[in-house]
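Here is a friendly briefing to read with the model open beside you. Please keep the viewer at hand as you go through the points.

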Amino acid sequence: MGSEKSAPAAVAAFASAGEANRRIAGVAAAARAVRALAEAGANEVGLRIGDGAALAPATFEDIERLRGTTTVVVEPGEGPTISLPTSWEIVRATGKPGDGLVSRWLNRPISQRITVLVLEIPGARPVHLTIVNALLALALIPVLLLGGEAGLVLGGILFQSASVLDGVDGEMARATFRASPAGAALDSAVDAATNLLFIAGITAHLALRDGGAIGWIGGWALVVAVVGWLLIARRVRAAGAPFGLDLFKRSGRVRGAADLVYWIVQTLSGRDCYAFLFMVFIIAGVERAALIIFTSVATLWIVYVLGSLLPVPRVFRGAA
């Protein structure tokens with residue numbers, strides 16, 4: 001930050017230091033004003049504090065983190081008050097275009113309300129919610145294997161809860177300008193581990209309880225998931241991107257039968273959808289059907305992944 005006395009290119013005024021220090025979705029109001037003006041192209045921003053009191057150290061930390069190359073001058077005085085969005089408006093804008101049906105209409109509205117509350121906690125960071133999700137994942141195996149029928153229901157509820165909470169760390173990161181490739185990769189790794197632990201746990205539970213082919217069906221689902229994710233990880237690593245499970249997600253209007261089939265597979269293979277359906281099916285007492293449907297959809301999904309990632313044999317290139 002600078003101390004130049006020349007008139008700044010842009011000015012944001014606050015009635016008091018308390019107003020400038022006020023946290024909006026986890027970031028000081030003064031820092032949000034600096035960020036907004038910097039993104040609008042201001043090379044220098046003047047922060048005028050009406051009561052002349054000093055800003056809090058946490059506010060200065062936020063300003064330093066968000067100002068980029070913009071020079072910031074803090075001085076007493078009055079000026080035009082900048083209009084800032086509310087915490088809820090900021091968090092509501094953190095949705096993702098690739099959200100599935102369940103995420104868009106159920107998970108995201110719940111997770112965003114949780115995010116608003118979590119951002120009121122001083123020092124809360126996205127990684128803290130990622131850790132909470134990791135702990136939920138670790139709880140799935142003992143709950144599913146040792147909890148009997150009640151444990152099966154609780155496991156389904158925990159899996160859906162993890163799907164909802166999975167949105168919170170990303171929303172926090174986007175709302176507080178803390179998104180990073182490392183954070184996104186860690187979040188995706190926890191998601192993948194949660195999915196694998198749940199499928200492994202429910203497969204072991206049903207195999208021990210019922211015997212028969214259900215264990216092989218669940219085992220095939222695990223193999224398909226691991227192979228598919230490894231192929232995706234290899235592709236995104238080669239592209240220099242962080243690990244993520246959304247490589248083949250696409251949005252847009254459905255045109256024709258092929259698009260409809262792809263949309264159905266994409267929707268059912270989305271974590272938000274199958275976590276919710278597993279919970280509903282388990283509560284309804286048809287958990288075997290849930291695992292069989294999941295395995296069938298996963299098989300269709302891996303066919304698409306293989307077709308998209310593997311090179312086309314030379315013998316077919318001419319025809320293509």
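Predicted model: local features only at pLDDT ≥ 70, side-chain atom pairs only at ≥ 80, totals over all residues.

Residues are numbered from 1 along each chain as its sequence is written, and side-chain values use heavy atoms, with hydrogens and water left out.

**The chain as a whole**

- The protein chain has 13 helices and five strands; helices (H or I, at least four residues) and strands (E, at least two) are DSSP runs, numbered from the N terminus.
- Of the 320 residues in the protein chain, 42% are buried. Buried means under 20% relative accessible area, exposed means over 50%, and partly exposed is in between (1.4 Å probe, protein chains only).
- Among contacts in the protein chain with a separation of 6 or more, 78% are between residues 24 or more positions apart. A contact here means heavy atoms within 4.5 Å.

- Helix α11 covers residues 271-283, and its 13 residues should span 18 Å at 1.5 Å a residue; the end C-alpha atoms are 18 Å apart, which agrees. The expected span is 1.5 Å times one less than the number of residues in the helix.
- In α11, the buried residues are R271, D272, C273, Y274, A275, F278, M279 and I282.
- Helix α12 (residues 287-309) has 23 residues, which should span 33 Å at 1.5 Å a residue; its end C-alpha atoms lie 32 Å apart, in agreement.
- Buried positions in α12 include E287, L291, F294, W301 and L309.

**Aromatic rings**

- Searching the whole structure gives five aromatic pairs. Rings of Phe, Tyr and Trp (its six-membered ring) pair if their centres lie within 6.5 Å; planes under 30 degrees apart count as stacked, over 60 as edge-to-face and the rest as tilted.
- F159 and F198 form a stacked pair, because their ring centres are 4.1 Å apart and their planes are at 10°.
- F159 belongs to helix α7 (residues 148-175) and F198 to helix α8 (residues 181-210), so this pair ties together parts 39 residues apart in sequence.
- F159 and F198 are both buried.
- A cluster linked by ring pairs takes in F159, F198, Y274, F278 and F294.

**Salt bridges**

- The count comes to 14 salt bridges, each being a side-chain nitrogen of Lys or Arg within 4 Å of a carboxyl oxygen of Asp or Glu.
- One of them joins the side chains of D62 and R23 (2.9 Å, N to O). D62 is in helix α3 (residues 57-66) and R23 in strand β2 (residues 23-24), so to speak distant parts of the chain, 39 residues apart.
- D62 counts as buried at 5% relative accessibility, whereas R23 is partly exposed, with a relative accessible area of 37%.
- D99 and R108 also meet through their side chains in a salt bridge (2.7 Å, N to O), and both residues are buried.
- A salt bridge of 3.2 Å, N to O, brings together the side chains of D210 and R288. D210 lies in helix α8 and R288 in helix α12, so the pair ties together parts 78 residues apart in sequence.
- D210 is partly exposed at 34% relative accessibility, and R288 is partly exposed at 36%.
- Salt bridges with shared partners join E149, R209, D210, E287 and R288 into one network.

**Two single residues**

- H205 sits in helix α8 and is buried, with a relative accessible area of 9%.
- A polar atom of the H205 side chain lies 2.8 Å from the backbone oxygen of L144.
- Apart from its neighbours within four places in sequence, H205 is in contact with L144, L145, G148, E149 and L152.
- A56 is in the loop between β4 (44-49) and α3, and is partly exposed, with a relative accessible area of 25%.
- A56 and A28 are 9.4 Å apart in space, C-alpha to C-alpha, and 28 residues apart in sequence.

Definitions and conventions
Polar contact = N/O pair within 3.5 Å; in protein donor to acceptor, adjacent residues only side chain to side chain.
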